[in-house]
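Here is a friendly briefing to read alongside the model. Please have the structure open as you go through the topics below.

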Amino acid sequence: MKKFRLLITYSLLLMFFLTLNVKPTYAATYDVPGEFGPMVGTEIVLNEKVYQNHQLGYVEKTNGNVTNVVTGRNIDGEGVITLINKQLLVDHVGQPFDLGSSYDQTKIVSEFREKYAQFYDLGIIVGIRCSGIKTWDGFIVQDFRYGDSNVTMWDRNINMAVLIYNNTLEEAFVLKDSFLVAWDGFKSIGSPVTDASSKSVTLVGETTETSFENIQIFENGYVYVQDGQAQVVTDVKFNSSTNSFYIPTGEELPSNINVPELPGEFGAIVGEYLKVEETIYINYERGYVKVTGVEGSYSFDHFAGKNVNSAGVEVYLDVNKMLEFVAHNIESNVGSTYGAGYNEEAFKQLYKNKYKELFESEYVVGISVSALKVWDGIIVQDFRYGDGSFSFGGGRVKMSILMYSKEAKNVFLLTDEFASAWDANKAIGSPIMDAGSKSVKLLNETTETAFDNIQIFENGYVYLQDGQTQIVKDVKYDAVTNSFYTPDPTELPSNINVIELPGEYGSQIGEYFKVSDAIYINYERGYVKVTGTEGNYEFYQVSGKNMSVTGVEVWVDIDKMLDFVAHIVESSVGTRIGAGFNEEALKLKFKDKYKELIESGYNVGICVSPLKVWDGFIVQDFRFGDGSFAFGGGRLRMTFLMYNIELDEVFALSDEFASSWDANKSLGTPIMDAGSKSVQLVGDTTETTFENIQIFENGYVYVQDGQTVVVKGQKYDATRNGFISTPIPNVNANYYGSKVEEIQVSDTVIYLNYQKGSIKAVLQEDGTYEYTFYNGRLYNEENDTVELLPLADLLLFVGEEVDGNYDNAEEIKQLIKAKYEELYNQGFFPGFKESPISSNWNGIIAQQFVYGDSSASPWGETRGYVTALVYVPSINKVVALKDNSLLKWDKNWSHYKDPISEEVVVDGNVYQQFESGLLVIIDNELYLSFMVNDKTYQEYIDSVPVWTGPTHEKDIEKGYIGDTYLVYEDRDNTLLIIGTVIVGLSVLGGGFVFLRRKKIL
């Protein structure tokens, strides 16, 4: 009769249909729960509706009535809705606790709050509480309303959801939408064991998974939504290990099955015993036991890494459960056996990685028998009850061994006949690869022999032939030539420390070996050649190739090299490319170009950098290849791969072409690789042939008679296969941006307007252009003038970013912005932001700008025309430091300290007050500059002696602006000042006053 009831349950499905969008049937007037907290701000009127924010949500009013209540969000005057602070919401969950002291209040409240926060992080608000934690028909719950659920229950509980606690799992779950209504009607399905979500599961009696868009699983059934309706299935249970449902058997299973020899690592029993036909299955956390026979004569078979579902089908477990007992314990002698450089955590990870790799290929290594240990000098971990056939007996059956090779510096699988052969012949060492089919050159052979199943060891190999296991000892494998050889007994140094070897070279392959007088060390992505003698070794690195024991170079697998091509893309690359940037597509273009060059026989090298922006160009650097360009310091034999945005192509740049480009970046990006080419030069009608030429966006480079020639200011026209003259200035795109327009003023004058500046190009008689830069200004054709850009365009990032902690950071920001605007209003452009506000520049607090109107370029043109806006704490003001004053300060900053007044220019002389005194630059000439210690500008002017020669009928006592007198004075026997003293203007209190000369009596 019981089976018949189950048949009805599943033939008729016993399904309960509910509409998803359950609408309230009561008057559309809501109450505002006290839990919403106090009002925040005043009412907001939008589209004839009134909104009021509260601490934990907001309400919507129509004609004075509350017609909607929203939890967990606030609304602003623009109608923008944002989530409120998560912690405010979480803090109101879990109280009051109405269950009494017999329950673990701390645990239940913690689980409820964690689940509420988890949904918040998904953008889902469970709601505002409308009850404390209580029991409802025997379930521990807390009710919520006005959240992101779409059902209403018991009139006032609009948009209701429930947090429910599963006592068995000790976890909380969310019930909402149709799942809540279905559960309320079928509480016999028990507590949920998952939240509702999309999921694929194996149904009862099925062998393949069925996908559900929205399903929630309960202790005794499940609810899913199909075609907008909720459907309930009862009287089934879910096995999380096999991800499948099963019908609990009504038959009595033996209660006295005592599984012998079950490793503790198998974990706890999962679910109930299963019976399929005459076989009983017992699932555990990390495997299962198959029980056959009858009581008193049971037979047991153990299987690690899998469970069995209700249909008797094996299902792989979560690999992470199995990894908990891989290298979980390491015996103390493992480190000493490994030797120098031992890192326990990294070593554990090698074993876990190998186990996971095999598991994901559906090979179960098994459950651990031992710790990670040393066995006859070799580092191993044993496993049993897996897919291996090796056995020691006594419960150590179906074994596999994970074994470390010091030579290959990796972990490999050893099992079946290969494990038996190794156990009897341990002198062959550790395996250096897994067993499998392979073709290899045997000793003294020139052609390869194919093996169906072979495993190579450090000192020999084992293979299967005609059902027999064959062992060959005392030979070594050379991965470079894929051949075996007899080891050379020559003693090699044990203390060679390879210098400047990039980590991208990977692990060492094999041992050192000697060819002629050189020692070679192979790595995954290159080799090192060592010459010289101990204490005086010289190293030569070659990437992309390995060296064989016979002295023959062999290319490394291209895929290994591609691992480090465009492997990291810096964020500036996307910004530089702009709209339409596709990182994966760009990576692929770099990989394709690298592969194309390698396949043509050109060794690009190993990466030096990520894919980056260098002076506005998108490049990746490589070294130790076939290129000849070098920066030094280990960056040798370099090649660049460079992306041309306009052409959407990647090109190679190396040798003389890289050197020329590095010195002449105004050439722009290459538009083709270097090679032989015939092309028309400017003014020619016939083509000139070049044996080696590379063409760039703004010119070309060619090699002739051993000399490299650079031609700039010309563009390649593909239609005529020739060059044309064009104005091509060297523009730093990071500051100037892209070109907006060209304005032809005359036959010889063109203005080039960029996003942040203008350049005047004047054609010279030799066909080149001479350039004048107008930073921060654009040419106005209508007025024939160059005008400053709007302040708002230039003020971007000024005073916005602070590098460091300052108590008055906001005040410093505003002072710097104000000073920038003040200079702008005077017609002076300070420049573009190069750095945040920082004290990292010679001890001053400043923001630094480049490419402005300042003449100071202390670090060269690429970071030139520098102005610093200096915040001076002693006077709480910002002072500009620029032109020659900045250059002088940069050389003497520790003596000058902070500038405390603006620069004053009087009749060509420059004065600026610093903390230590007054800087004077006569005629604005640096060689006529000096510091007057401990004097102000006025004190200095008053102290300057004046020549009392002829006045040309002028009254000396009155003083005249612009009069010049020659001064010879030995001041304090320390400084001979030779120059001109000029009577001029000084800025005092924001105004100008006349300075009187001091007459010498």
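Contact here means heavy atoms within 4.5 Å. With that in mind, welcome to a predicted model, which we will tour by way of its cores, its strands and a few backbone details.

**Nonpolar cores**
- The largest nonpolar core has 42 residues, and Y820 and L869 touch the most other members.
- Helix α15, residues 809–825, gives the most to this core, contributing six residues.
- Setting aside neighbours within four places in sequence, L869 is in contact with I816, K819, Y820, L823, I845, A846, Q847, F849, V878, V879 and A880.
- There is also a second, separate core of 35 residues, with L323, V326, I367 and L413 among them.

**A four-stranded open sheet**
- Strands in the order β19-β20-β21-β22 make up an open sheet with antiparallel pairing.
- At the edges are β19 (274–276) and β22 (299–304), each of which pairs on one side only.
- On average, neighbouring strands of this sheet are turned by 25° against each other, direction ignored.
- Three antiparallel bridges link β19 with β20 (residues 279–284), and K275 stands opposite I280 in β20.

**Two hairpins that share β38**
- Strand β37 (residues 518–523) pairs with β38 (residues 526–531) in the antiparallel sense over five bridges.
- These two strands, β37 and β38, form a hairpin with two residues between them, and N522 stands opposite Y527 in β38.
- β38 also pairs with β39 (residues 538–543), again in the antiparallel sense, over six bridges.
- The hairpin of β38 and β39 has six residues between the strands, and G532 in its turn has a positive phi of about 95°.
- Across this pair, T531 stands opposite E538 in β39.
- While you look at these strands, recall that in a regular strand the side chains alternate between the two faces of the sheet.

**Backbone details worth a look**
- The peptide bond from Q95 to P96 is cis, with omega near -5°; P96 sits in the loop between α2 (86–91) and α3 (105–121).
- N842 is not a glycine, yet has a positive phi of about 50°.
- You will find N842 in the loop between β61 (837–841) and β62 (844–850), and its relative accessibility of 22% makes N842 partly exposed.
- D883, another residue other than glycine, has a positive phi near 50°.
- D883 belongs to helix α16, residues 883–896, and is buried, with a relative accessible area of 15%.

Notes:
Residues are numbered from 1 along each chain as its sequence is written. This is a predicted model: local features need pLDDT of at least 70, side-chain atom pairs count only at pLDDT 80 or more; totals for chains, interfaces and linings use all residues. Side-chain values use heavy atoms; hydrogens and water are left out. Two strands pair if DSSP finds at least two bridges between them. Axes are lines fitted to C-alpha atoms, for helices over the stretch in contact, and angles run from 0 to 180 degrees between N-to-C directions. A nonpolar core is a set of buried Ala, Val, Leu, Ile, Met, Phe, Trp, Tyr and Cys residues joined through side-chain atoms within 4.5 Å. Buried means under 20% relative accessible area, exposed over 50%, partly exposed in between (1.4 Å probe, protein chains only).
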